Amino acid sequence: MPVKNRFAELLPEITAWRRDFHEHPELLFDVHRTAGRVAELLRSFGCDEVVEGIGRTGVVGVIRGRTTASGRVVGLRADMDALPITEQTGVPYASRTPGKMHACGHDGHTAMLLGAAKYLAETRAFDGTAVVIFQPAEEGGGGGREMVADGMMDRWGVQEVYGMHNMPGIPVGQFAIRPGAIMAAADQFEIVVTGKGGHAAKPHDCIDTTLVAAQIIVALQTIASRNVDPMKQVVVSVCTVQTDSTAHNVIPQVVRMKGTVRTMDARVQDFVEERIARIAEGTALALGAQAELHYQRGYPVTVNAPEQTGFAVEVARAVSGRVDADTPPLMGAEDFSFMLNERPGAYIFLGNGDTAMVHHPAYNFDDNAIPFGASWYAGMVEARMPV
Ligand code: NI
């Protein structure tokens with residue numbers, strides 16, 4: 001099963017869909033035009049079922065194989081949303097909306113999964129049911145969580161689920177994956193330090209919140225360096241510090257700090273949350289101030305099931321012969337984690353060549369990757385549900 005010849009024939013058509021999505025980027029759950037186009041195309045391919053409005057603006061297509069006697073159901077997922085970035089690629093099909101851009105290649109993911117759906121609906125050379133999942137709001141809104149909460153997995157009886165993301169820096173046609181944790185959990189926190197403001201020339205009459213905040217920032221770095229096992233990954237970053245004073249001679253009453261925590265292991269995640277609270281509150285207390293922690297869990301760790309990762313590697317190897325099956329994990333986060341928490345599956349990277357990194361205004365998805373990505377999606381269905 002090399003790159004499927006049909007995708008060489010379909011390449012101009014799939015590329016045209018991709019560039020149309022690229023010209024019309026939409027954010028978070030407001031992917032109405034994109035979702036409408038996806039649903040329209042799925043219907044035109046002759047999918048057995050097309051349902052819109054799953055998880056607000058998600059779309060699900062169902063394609064039954066030549067037979068469904070096996071009772072097996074495999075899910076394939078792509079994301080549809082863009083980013084609030086002003087495009088600087090200069091391509092003729094650049095975003096028509098200033099301040100919005102497909103800077104993460106979700107236009108490419110959606111187009112490749114549509115290509116696979118068209119092929120699967122034409123050929124149906126599998127025993128079981130393929131469920132193609134197009135999700136909104138990967139970039140921060142939790143669209144994957146919303147689709148799961150909407151009962152998608154049970155409604156269509158999805159047994160395994162597979163997702164893909166392009167990756168600059170990896171050659172086009174090359175895949176990268178690992179079993180276990182591949183993307184981090186991303187949490188956010190705010191620490192509010194309250195002291196006693198006053199005249200900067202009379203520090204003895206104040207409780208200096210700026211100094212307390214500085215001590216907390218330094219002490220938080222002991223979590224990664226002194227508290228967590230060095231063999232485990234953790235990031236604790238304080239990213240904003242804001243006082244309620246704008247004067248050079250006023251000690252502020254309140255300081256607010258915001259930051260992010262990235263972890264690869266649920267136990268480390270719990271531990272870090274607890275340590276941040278202890279350090280913030282304890283440091284403030286020692287210096288006569290008060291600190292309050294607001295900690296918010298974001299996307300969980302993206303965990304590839306070992307067996308399904310093996311299947312994903314086999315198909316990728318068959319498609320291009322170029323697979324890094326032990327790629328290092330990334331500290332970014334991925335909304336597909338919510339689907340992988342529900343069902344075993346795997347998430348794979350597909351090379352985008354030597355381009356700007358995702359989320360950069362000069363980034364663009366490489367259309368040469370389409371035959372590889374579409375072949376992998378379709379190949380997962382044929383390999384997991386052979387006739
Ligand atoms: Ni992305």
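1. S5 is mostly covered, with 8 of its 8 residues buried. Buried here means under 20% relative accessible area, exposed means over 50%, and partly exposed lies in between, using a 1.4 Å probe and protein chains only.

2. A quick word on what you're looking at: this is a predicted model, where local features need pLDDT of at least 70, side-chain atom pairs count only at pLDDT 80 or more, and totals for chains, interfaces and linings use all residues. Residues are numbered from 1 along each chain as its sequence is written, and side-chain values use heavy atoms, leaving out hydrogens and water.

3. Now look at both faces of S5. Glu160, Tyr162, Met164 and Asn166 sit on one side, Val161, Gly163, His165 and Met167 on the other, and all are buried.

4. Who are the neighbours? S5 runs parallel to strand S3 (residues 73–79), joined by 4 bridges; strands pair if DSSP finds at least two bridges between them. Gly75, for instance, has Val161 of S5 as its bridge partner. S5 also runs parallel to strand S16 (residues 345–351), with 7 bridges, and there Tyr162 partners Ala346.

5. Cys104, in the loop between S3 and helix H3 (106–123), and His165, in S5, link distant parts of the chain, 61 residues apart. Both Cys104 and His165 are buried.

Key:
Helices (H or I, at least four residues) and strands (E, at least two) are DSSP runs, numbered from the N terminus.
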